[in-house]
Structures are given as structure tokens and as C-alpha cells.
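Please examine the structure shown below together with its sequence.

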Amino acid sequence: MTTVLYGRPPLVFDPPATSGEGAAIQTSPLIPGSTPLESFAPGSLDAAMIYAPPGVLERRYTLALTLRALKPGGRLTTMALKDKGGSRLKKELLAFGVEIAEDAKAHHRRCVVIRPEAMTGIEEAIEAGAPQIVPGLEAWSQPGVFAWDRIDGGSALLAEVLPPLKGAGADLGCGYGALATVVLRSTAVTSLKLVDLDRRAVEAAKRNVEDGRATFDWADARTLEDMGDLDFVVMNPPFHDGGAEDRRLGQAFVRKAAGLLKKGGVLWLVANRHLPYEAELNAAFKRVTPVGDGGGYKLFEAVK
């Protein structure tokens with residue numbers, strides 16, 4: 001029996017184990033090392049539990065992929081917080097021509113579907129949520145990636161103030177590669193490691209950043225080894241975890257940047273103005289200089 005799990009549903013929903021005999025296969029693009037849901041052939045799955053993502057296009061894409069991969073008679077169980085897409089789950093599933101049993105539990109809506117022989121709208125939902133060249137952006141991206149269809153304001157502001165960098169560096173939380181493209185304009189940059197927790201972002205960045213100096217790492221930046229050998233780090237760190245603000249994320253990114261840099265190495269950081277990163281910067285770096293403030297963002301140059 002082949003079962004897949006997408007994300008980390010609350011324990012109250014009794015998610016299947018992902019280790020041991022008969023374990024479910026984790027498929028979330030936000031869990032490094034997971035198996036892409038796209039890799040499962042139509043009709044190859046017996047069951048699936050999906051912790052539905054909050055974005056409409058991303059959620060419908062994930063549900064459609066799962067339904068297509070299930071065997072007729074296979075069972076889909078999916079849930080989401082009521083205010084993070086849960087209130088729309090039933091309607092979205094009905095649009096695929098399936099019958100649904102719905103209930104509410106732990107501030108979530110849960111829907112159970114037995115996959116019928118015939119469905120509607122599956123391929124359209126998959127096409128809308130698939131990797132694509134975004135008009136106007138002229139870059140590959142995908143719904144679900146941070147700022148997937150635009151250049152984030154913070155990254156744009158940082159790109160404006162970045163001097164030509166040199167040596168070996170890293171872009172932590174690289175997204176689809178917008179900031180990396182700017183960094184690599186400097187011929188003095190010898191290498192740039194692009195790191196992101198989102199597999200979709202890394203795959204898009206590989207298509208957007210066609211430069212032999214770039215390498216790509218699908219990983220949680222916080223788990224990287226502190227080599228202390230980089231000349232620079234650039235970053236627009238995340239500050240949301242599962243939809244909720246978590247200021248510790250950016251603070252951990254600051255500490256990690258310090259661990260990656262050599263003495264005299266420099267961090268270029270942009271953050272939303274309200275986020276409290278100054279204490280972490282001053283504790284981890286020898287010199288911290290504000291280099292810009294505008295549009296709700298603040299920018300720092302920090303030298304180790």
C-alpha cells in the first residue's frame with residue numbers, strides 16, 4: 001500500500017508515520033529530502049493525507065496532483081485551518097467533481113474524498129499551479145514560492161544599495177534567484193551558494209541563474225555547517241513559519257551568517273522595519289552599519 005503525506009498535520013489528525021514499516025512518503029516541498037508529489041504516476045497511490053497550503057493556486061495544484069495520483073477508490077484526507085484555506089476546501093474539491101465528507105476539528109476544516117473514476121478540472125488546476133515563466137517578471141517561478149509573481153520590495157531595495165561584491169558568498173533564502181542575479185553581475189564574485197528551504201524556489205533559481213559560479217542547495221539555512229570561510233552573505237530572511245510570524249527565524253539567519261563568514265566577511269541584510277534584529281547583529285558582528293531605510297524596510301551592512 002502506497003501512502004503519501006504532505007506537510008505536518010497536527011497530531012490530533014493522526015498523521016501516518018514517515019519511518020518504519022509501511023511508512024508514508026513525505027512530499028512537502030518545504031521539507032528537504034522529501035519526494036516530489038509530481039513524481040507519482042497517475043493512479044499509483046492508495047491513500048494520501050494533505051495538510052493543505054494556504055495559497056489558492058498552490059492548494060488547488062496540490063489537491064489536483066494528489067487526486068490524479070490516487071487510484072480510483074483511493075482515499076484523500078485533507079485539512080487546513082479555517083482562516084488559512086479550510087473554509088474553501090469543500091468548494092474547491094467539489095469543483096473537481098468528487099463527493100466529500102467534511103467535519104471541523106481543532107480550528108480546522110477536514111475533508112475526506114474517495115477518488116472516483118472520473119473527475120473534472122484536474123489538469124487546469126495543475127497547469128495554473130505549475131512552474132511557469134511569470135509575465136512581466138520574465139523569470140521562472142511557481143505559486144507557493146515567496147513573492148512568486150513579483151520582485152519583493154525588500155529584495156529590490158537591497159539590490160539598489162549592494163556594491164559590487166567579491167570572493168565566495170551565499171544567498172540565504174534565495175527564492176527564485178532575483179537577488180542572486182544582481183550579486184553575480186560582479187565579475188569579482190568567484191562563487192555563490194543559493195540556499196532555500198523550498199524545493200520549488202531552488203528549482204526555479206536553477207533555471208533563472210544560469211551562471212557557472214552558482215551552486216544550489218535545497219536546505220534549511222539554519223542547519224548549514226559553520227565553515228567560517230565566506231567573504232559575503234546576502235539575505236532577505238523569512239519571518240513566517242506556517243503562516244505565523246516568528247522573529248526567531250531571522251535572528252537565527254543572522255547567527256548563521258556570522259558562522260559562515262570569515263573574519264572581515266560582510267553580511268548584507270534587509271528586513272521589515274519592525275523586526276528586532278539589531279541585538280543579534282551587534283552580538284555576532286564587529287561592526288554594524290545601517291545603510292538604508294524606506295518602504296517599510298531597513299538595511300544593514302555587518303562586518304564580522
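Two strands are said to pair if DSSP finds at least two bridges between them. Helices (H or I, at least four residues) and strands (E, at least two) are DSSP runs, numbered from the N terminus. The model is predicted: local features need pLDDT of at least 70, side-chain atom pairs count only at pLDDT 80 or more, and totals for chains, interfaces and linings use all residues. Residues are numbered from 1 along each chain as its sequence is written, and side-chain values use heavy atoms, with hydrogens and water left out.

Strands of a sheet pair through backbone hydrogen bonds, either parallel or antiparallel. Strand E9 (residues 167-172) and strand E10 (residues 189-196) run parallel and are joined by six bridges. Within this pair, Gly169 has Leu192 of E10 as its bridge partner.

Both strands belong to an open sheet of seven strands with mixed pairing, in the order E11-E10-E9-E12-E15-E17-E16. At the edges stand strand E11 (214-218) and strand E16 (287-294); each has a single partner strand, so one side of each lacks a neighbour in the sheet. On average, neighbouring strands of this sheet are turned by 15° against each other, direction ignored.

Axes are lines fitted to C-alpha atoms, for helices over the stretch in contact, and angles run from 0 to 180 degrees between N-to-C directions. Helix H4 (residues 153-161) touches strand E12 (230-235), strand E15 (261-272), E16 and strand E17 (297-303), and its direction makes about 50° with that of E17. Helix H7 (residues 247-260) touches E9, E12 and E15, and its direction makes about 155° with that of E15.

Is Thr66 buried or exposed? Buried means under 20% relative accessible area, exposed over 50%, and partly exposed in between (1.4 Å probe, protein chains only). Thr66 has a relative accessible area of 0%, and therefore counts as buried. Leaving aside residues up to four places away in sequence, Thr66 touches Leu37, Ala48, Ile50 and Leu76.

Rolling a probe the size of a water molecule over the atoms shows where empty space is left. H1 gives the most to the lining of the largest cavity, with three residues.

Notes
Contact means heavy atoms within 4.5 Å.
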